Amino acid sequence: MNIPIIDISPFFDKDSAGKQEVTKKVGYACEKIGFMIIVGHGVSESLVSRTSVVAQNFFALSHEEKLKVHMPGKGRGYLPLETESLASSKFGKATPGDLKESFNIGANHAQNRWPDRPKHMRSIWTDYFHAMMGLSTHIIRIFAVALGLPERFFDKMTDNPKAVLRATNYPPLQKVPGPEQFRAGPHTDYGTLTIISTNPETGLQVYTRSGQWIDVEPPSNSFIVNIGDLMMRWTNDKWISTLHRVITPSLEQTGKRRQSLVFFHNPNPCALIKCLDCCCSPENPPKYLPVLAEEYLKEKSRRSLNKDLSVIKGCQ
């Protein structure tokens with residue numbers, strides 16, 4: 001099964017037939033594989049390029065320079081190589097650290113840590129973050145219509161999200177990877193949806209319902225979109241949060257670096273995630289107990305970093 005490529009631009013036209021076709025395709029992708037590639041998204045290709053370049057310039061700094069904005073435990077700042085193990089977040093057991101480093105920012109719920117260099121990183125990343133917030137709002141509304149809900153159904157539960165923008169750098173390998181060690185171990189994402197800008201050479205793979213790993217091959221000026229665990233819980237497993245990974249390169253490619261821009265959209269911290277009425281019935285009762293979004297996200301992050309993270313305040 002290939003990852004479907006969907007032009008979402010007709011959703012914003014007045015033509016109801018075009019809007020219906022988009023939601024049908026998106027709903028099918030979410031149900032069958034949990035991944036899609038979107039075009040017609042309206043985000044400037046120049047902005048994506050500038051954001052990627054400035055991230056590359058940051059990762060080119062010395063290790064000591066990057067450590068000045070080391071992640072303080074709230075999902076912000078720099079995360080060094082092999083610090084995170086995404087497979088641990090999924091399987092709840094110790095797994096090798098991932099062969100990647102990252103830089104992360106967010107909004108509202110914790111203070112960002114900005115490096116002194118590159119000079120324009122803060123302004124460029126802020127613009128990209130807001131572009132991703134706008135795009136995720138459009139996508140979550142497409143999701144609502146695809147589920148047979150009012151278009152703005154999720155707005156009140158996602159208008160102050162604990163969203164995170166991450167640049168992930170996969171540097172050239174300095175040693176032979178350990179057993180079951182990946183650039184990003186097999187995992188599912190945690191929240192509502194993820195928006196990824198990358199290229200086919202990154203090594204991103206998705207595990208299909210038929211039990212096969214397939215490569216994700218996005219065309220230029222597109223985004224990969226996948227749903228996360230909390231959206232799957234909302235839909236009572238009608239839509240799937242799919243296992244995916246970034247494989248280590250072959251020996252002849254170990255000298256190459258790769259980079260991705262990843263935007264994690266999550267519900268508001270205080271949102272109670274429980275089965276939607278449209279996704280359950282007496283014959284298909286809810287599979288999960290209700291959970292606060294912040295509690296679920298905190299536990300998944302704790303597992304991936306092998307430590308406890310500070311609870312987000314504000315849900316009293």
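A crossing of two helices is left-handed if the near helix is turned anticlockwise from the far one by less than a right angle. In the predicted model described here, the crossing of helices α2 and α5 is left-handed.

Two packed helices are described by the angle between their axes and the distance between the axes. For α2 (residues 45-59) and α5 (residues 121-146), the axes come within 9 Å and cross at roughly 135 degrees. This angle makes α2 oblique to α5, because the roughly antiparallel class takes angles over 145 degrees and the roughly perpendicular class those of 65 to 115. On the α2 side, the contact is made by Leu47, Val48, Arg50, Thr51, Val54, Ala55 and Phe58. The α5 side contributes Met121, Ile124, Trp125, Asp127, Tyr128 and Ala131. Sorted by class, the residues in the contact of α2 with α5 comprise ten nonpolar, one polar and two charged.

The model also contains an open sheet of four strands, arranged in the order β6-β11-β8-β9 with antiparallel pairing. Its edges are formed by β6 (184-187) and β9 (213-215), each of which pairs on one side only. On average, neighbouring strands of this sheet are turned by 20 degrees against each other, direction ignored.

Note on methods
Residues numbered from 1 in each chain as written. Predicted model: local features only at pLDDT ≥ 70, side-chain atom pairs only at ≥ 80, totals over all residues. Heavy atoms only, no water. Pairing = 2+ DSSP bridges. Helix = DSSP H or I, 4+ residues; strand = E, 2+ residues; numbered from the N terminus. Axes fitted to C-alpha atoms, helices over the stretch in contact; angles between N-to-C directions. Parallel < 35°, antiparallel > 145°, perpendicular 65-115°, else oblique. Contact = heavy atoms within 4.5 Å. Nonpolar A, V, L, I, M, F, W, Y, C, P; charged D, E, K, R; others polar.
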